[in-house]
Amino acid sequence: MASDAAAPDVRVVGGWASPFVMRVCVALKLKGVAYEFLQEPLGKKSELLLASNPVHKKMPVLLHGGRPVCESLVILHYVDEAFATTGPQILPADPYDRAAHRFWAEYADAKLPTALRTLRGMVDGDKAEAAEHVAAALERLEEAFAACSKGRHFFAGDGVGFLDIVLGSYVGWFRAAEQITGQPVLDGARTPRLVAWAARFCAHEAVADMMPDAGRLVEFGEAPMLLGRDRRDGEAVTSRP
C-alpha cells in the first residue's frame with residue numbers, strides 16, 4: 001500500500017484486517033504521503049513491532065524517519081501535524097469542532113470493538129445483546145453525524161476527516177458481522193444518514209482501495225480456530241485504537 005508523494009522514510013507496521021491500522025493508511029493516502037506497509041505475521045509479533053511499541057506491544061505503529069508513533073488516534077494527529085503542508089487537514093480547524101470530533105471518536109472506540117468481536121464470535125457473549133449495543137451506539141453516532149456534518153456529506157463536511165476515518169475503519173467489520181449474523185449492522189431504518197455516509201466513505205479515492213472485503217474478513221476471523229489458538233488472541237487483541 002502506498003500513495004504518490006515522495007516520503008520513503010514512512011513505514012506502517014500492522015495487519016491488513018485491523019480497523020486501527022486501516023486508519024493510518026487512509027490518513028497517509030489522504031495526505032498524499034508515500035509509505036511502506038509492513039504486514040505483521042498472523043499469530044505472532046515481529047521483533048520490529050516489539051521494539052517499536054515496547055509498552056503495549058500492539059499495532060499499528062507509524063515509523064517516520066525511524067522514530068515510532070503508536071496508537072491509531074495519536075498517529076492520526078501526528079500525520080495531520082507532521083504533513084501539514086500537504087493534502088487536506090484531517091482534524092477540524094475550529095477548536096470546538098475538533099473537540100466534538102475527538103469526543104465522538106473516543107465514543108466509537110469505547111462502544112464498538114468488544115461488541116463487534118462478540119458478533120464475530122471472537123469472544124464469548126450474547127450476540128443479540130451485542131447487536132443491540134452496536135445499534136444503540138450507531139444511533140448516537142447518527143445524531144453526531146447530523147450535528148458534525150452540518151448538512152454535508154461527511155462528518156468533516158465536504159471531505160473525509162478525522163471522525164470519518166475513525167468510524168469508517170469499522171465499516172468492513174460491520175459488513176463482515178452482517179454476513180456472520182445475517183442481520184444488518186448499519187440499518188437503513190435506524191441510521192439512514194450513516195448508511196448513506198458509509199457508501200460515500202467507501203467510494204472515496206483515499207478509502208476505496210483500503211477497505212477490506214467482508215468475505216475475506218470473515219475468513220480471517222476464523223483463522224485463530226484454524227491455527228488452534230485461543231480466539232481471543234486475534235487481530236483485535238493485538239491492535240489498539
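A residue counts as buried when its relative accessible area is under 20%. In this predicted model, T191 has a relative accessible area of 2% and is therefore buried. T191 sits in the loop between α8 (171–181) and α9. Beyond its neighbours within four places in sequence, T191 is in contact with L138, E139, E142 and L186.

Overall, the protein chain contains eleven helices and four strands. Of its 241 residues, 54% count as buried. Among contacts in the chain with a separation of 6 or more, 69% are accounted for by residues 24 or more positions apart.

The largest nonpolar core holds 69 residues. Within this core, L28, L167, F174 and W197 touch the most other members. The element that gives the most to the core is helix α1 (residues 19–31), which supplies nine residues. A second core, of seven residues, is separate and includes W16, A17, V218 and F220.

Helix α6 (residues 127–149) takes part in two helix pairs described here. On the α6 side, the contact involves L138, L141, E142, F145 and A146. These residues meet P192, R193, L194, W197 and R200 in α9. By class, the contact of α6 with α9 has seven nonpolar and three charged residues, with no polar ones. W197 of this contact is also one of the residues that touch the most other members of the largest core. L138 and E142 meet α9, and both are also in contact with T191.

In the other pair, α4 and α6 pack at about 170°, and their axes are 10 Å apart. An angle over 145 degrees counts as roughly antiparallel, so this description applies to α4 and α6. From α4, the contact draws on H101, W104, Y107, A108 and K111. From α6, it draws on H133, A136, A137, R140, L141, A144 and C148. Eight of the residues in the contact of α4 with α6 are nonpolar, two are polar and two are charged.

Helix α3 (residues 72–82) has buried residues S72, L73, I75, L76, H77, V79 and D80. Their cover includes α1, β3 (61–64), β4 (67–70), α4 (95–111) and α7 (162–168).

Cysteines were also examined. C148 is buried, at 10% relative accessible area. C202 is buried as well, with a relative accessibility of 13%. Zero disulfides are found in a search of the whole structure.

Backbone geometry was considered last. Most residues other than glycine have a negative phi, and most peptide bonds are trans. The peptide bond between M59 and P60 is cis, with omega about 5°. P60 lies in the loop between α2 (47–52) and β3. E71, which is not a glycine, has a positive phi near 80°. This residue belongs to the loop between β4 and α3. At 17% relative accessibility, E71 is buried. K150, likewise not a glycine, has a positive phi of about 55°. K150 is placed in the loop between α6 and α7.

Technical notes. Residues are numbered from 1 along each chain as its sequence is written. This is a predicted model: local features need pLDDT of at least 70, side-chain atom pairs count only at pLDDT 80 or more; totals for chains, interfaces and linings use all residues. Side-chain values use heavy atoms; hydrogens and water are left out. A disulfide is a pair of cysteine sulfur atoms within 2.5 Å. Buried means under 20% relative accessible area, exposed over 50%, partly exposed in between (1.4 Å probe, protein chains only). A nonpolar core is a set of buried Ala, Val, Leu, Ile, Met, Phe, Trp, Tyr and Cys residues joined through side-chain atoms within 4.5 Å. Axes are lines fitted to C-alpha atoms, for helices over the stretch in contact, and angles run from 0 to 180 degrees between N-to-C directions. Contact means heavy atoms within 4.5 Å. Ala, Val, Leu, Ile, Met, Phe, Trp, Tyr, Cys and Pro count as nonpolar, Asp, Glu, Lys and Arg as charged, and the others, Gly among them, as polar. Angles under 35 degrees count as roughly parallel, over 145 as roughly antiparallel, 65 to 115 as roughly perpendicular and the rest as oblique.
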